[in-house]
Amino acid sequence: MLTPICRSCRARRGEVVLDLGKQPASDFFPDAGDAGPDPVYPLRMWLCAECDLAQLAEDPTVPEEPRGVEPAALVAQAKDAIGRVMRSGLVKPGARVLEYGSPHGGSWLPMLAEHGLQPVEPGERADIVVDCFGLMHSPDQHAALAERTGRLVENGILLLQYHSLATVIRNGQWNALRHGHYAYYSTGAIARMLAIAGLTPRTAWRFDLYGGTVLLAAGRGGQVDPEVRALFAEENGSGVGDPRIVRSLQETASNSITALRGWLQRQRGTGKRVFGYGAASRAVALLAAAGIDNTMLSGVADASQSKWGRRMPGTTIPVISPAELVRAKPDSVLLFVPDLLDEVRTALPALDGRWVIAEPVPTEDPTTRRLVPPARLAEDKQ
């Protein structure tokens, strides 16, 4: 394979810190009647030795049309974030706003309008540029950030939300790595990218979503506040720029894959029927790498109607509706997106007591009485 070139600083010096082999494209959901085989592509994370940006080493896939439904947890977090920003006084009512959204859906514009912010006309510069998980979808990180900076008025503010690399490492979220997600940010790496674009990170807010996300506010000039300095210190202390630390995700991936396959094999051996919930891109690498088929996982339910009648990439597992899941009366339901737990427990009360968090190892919903015994958890980790 060719030596990667950093998507931000253009350096060639760095290391592959996570290699998931060849994987199906995480946003390509074939029709259930399509027997495959599905195309597979290399999936590797490369850490730049110059600017510490973790990124896809390569991505030959072609993005498919997004098919996801915005989770309630993401909507609630957006509302919380906007409230905090407005209370800070950094953004004034009446400001003009431009949004770079995530291709997975959702928009802050309706909620910003409630606070008196107005969207700009096409081609106009904005007082506020919002990017909520959008930047990571750009293959050329340098050009994408320069574009966003260029849309700001002189004293404008860029609001940039990202899933922290420190969170990915701390929680072993190895399957955050996926095709189409080109960058994985530490706050230090973001700050270096912003400096090249002529911006200074001024303040930041933290959220529990996805185990730990950050909303960073940056502008031309100004000072770095204590919250940003604290993020620098915490993340640097966790080793976000150390390839030896980031490489721990490789072992976590191996353990997760082995644990899932072992747990599902035991359920099948005792005659239990297991389904999944959340046909999300993060589940694709886990199921494909573990070699899970429909004899171990009978189906994966999802709220997105456009995914029904399809199958999980690289597997024979069909994607079904939540109503079909309830009718199937499964013994257990693997939840592939932990942030959905409160939402699905409310929406699907018939499945109470059957939820199992899929990662890092299958763990039954701790709010119920059906807990996994410590001995079983130890077995799953082997």
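**Salt bridges, sheets and cores of a predicted model**

R247 is partly exposed, with a relative accessible area of 31%. Here buried means under 20% relative accessible area, exposed means over 50%, and partly exposed lies in between (1.4 Å probe, protein chains only). The structure is a predicted model, in which local features need pLDDT of at least 70, side-chain atom pairs count only at pLDDT 80 or more, and totals for chains, interfaces and linings use all residues. Residues are numbered from 1 along each chain as its sequence is written, and side-chain values use heavy atoms, with hydrogens and water left out.

The structure holds 15 salt bridges. A salt bridge is a side-chain nitrogen of Lys or Arg within 4 Å of a carboxyl oxygen of Asp or Glu. One of them joins R247 to E15, with the closest N and O atoms 2.3 Å apart. E15 lies in strand 1 (residues 14-24) and R247 in the loop between helix 7 (243-246) and helix 8 (248-269), so this pair ties together parts that are 232 residues apart in sequence. Helices (H or I, at least four residues) and strands (E, at least two) are DSSP runs, numbered from the N terminus. E15 is partly exposed, at a relative accessible area of 36%.

A salt bridge also forms between E58 and R44, at 2.8 Å from N to O. E58 sits in the loop between strand 3 (54-56) and helix 1 (72-88), and R44 in strand 2 (residues 40-48), so the pair ties together parts that are 14 residues apart in sequence. Both partners are covered. E58 is buried at 18% relative accessible area, and R44 is buried at 11%.

R206 and E234 form another salt bridge, their closest N and O atoms lying 2.7 Å apart. This pair links distant parts of the chain, with R206 in strand 9 (residues 200-207) and E234 in helix 6 (residues 226-237), 28 residues apart. R206 is partly exposed, at 30% relative accessible area. E234 is partly exposed as well, at 47%. Salt bridges with shared partners join R206, E227 and E234 into one network.

Strands of a sheet pair through backbone hydrogen bonds, either parallel or antiparallel. Two strands count as paired if DSSP finds at least two bridges between them. An open sheet of four strands has the order 1-2-3-8, with antiparallel pairing. Strand 1 and strand 8 (183-184) are its edge strands, and each pairs on one side only. Strand 1 and strand 2 are antiparallel partners over eight bridges. L18 stands opposite M45 in strand 2.

Strand 10 (residues 213-219) is mostly covered, with seven of its seven residues buried. The cover extends to both faces: T213, L215, A217 and G219 are buried on one side, and V214, L216 and A218 on the other. Strand 10 pairs with strand 7 (residues 152-163) in the antiparallel sense over seven bridges. L160 stands opposite L216 in this strand. Strand 9 and strand 10 are also antiparallel, over seven bridges. T200 stands opposite G219 in strand 10. Strands 9 and 10 form a hairpin with five residues between them, and Y210 in the turn has a positive phi of about 60 degrees.

The largest nonpolar core has 78 residues, of which L297, M312 and L334 touch the most other members. Such a core is a set of buried Ala, Val, Leu, Ile, Met, Phe, Trp, Tyr and Cys residues joined through side-chain atoms within 4.5 Å. Leaving aside neighbours within four places in sequence, M312 is in contact with F29, A279, A280, A283, V284, L287, V300, I317 and V319. A second, separate core of 24 residues includes M86, W108, L117 and I128. Contact means heavy atoms within 4.5 Å.

The UniProt annotation "domain: C-methyltransferase", from an unreviewed entry, covers residues 210-357. UniProt positions are given in the numbering used here, feature names are shortened, and annotations may be inferred rather than shown by experiment. Over residues 210-357 the chain is 42% helix and 15% strand, and the end C-alpha atoms lie 14 Å apart.

A disulfide is a pair of cysteine sulfur atoms within 2.5 Å. By this rule the structure has zero disulfides. The sulfur of C9 is 3.6 Å from the closest cysteine sulfur, in C48, which is too far for a bond. C9 is partly exposed, at 29% relative accessibility. C132 is buried, with a relative accessible area of 10%.
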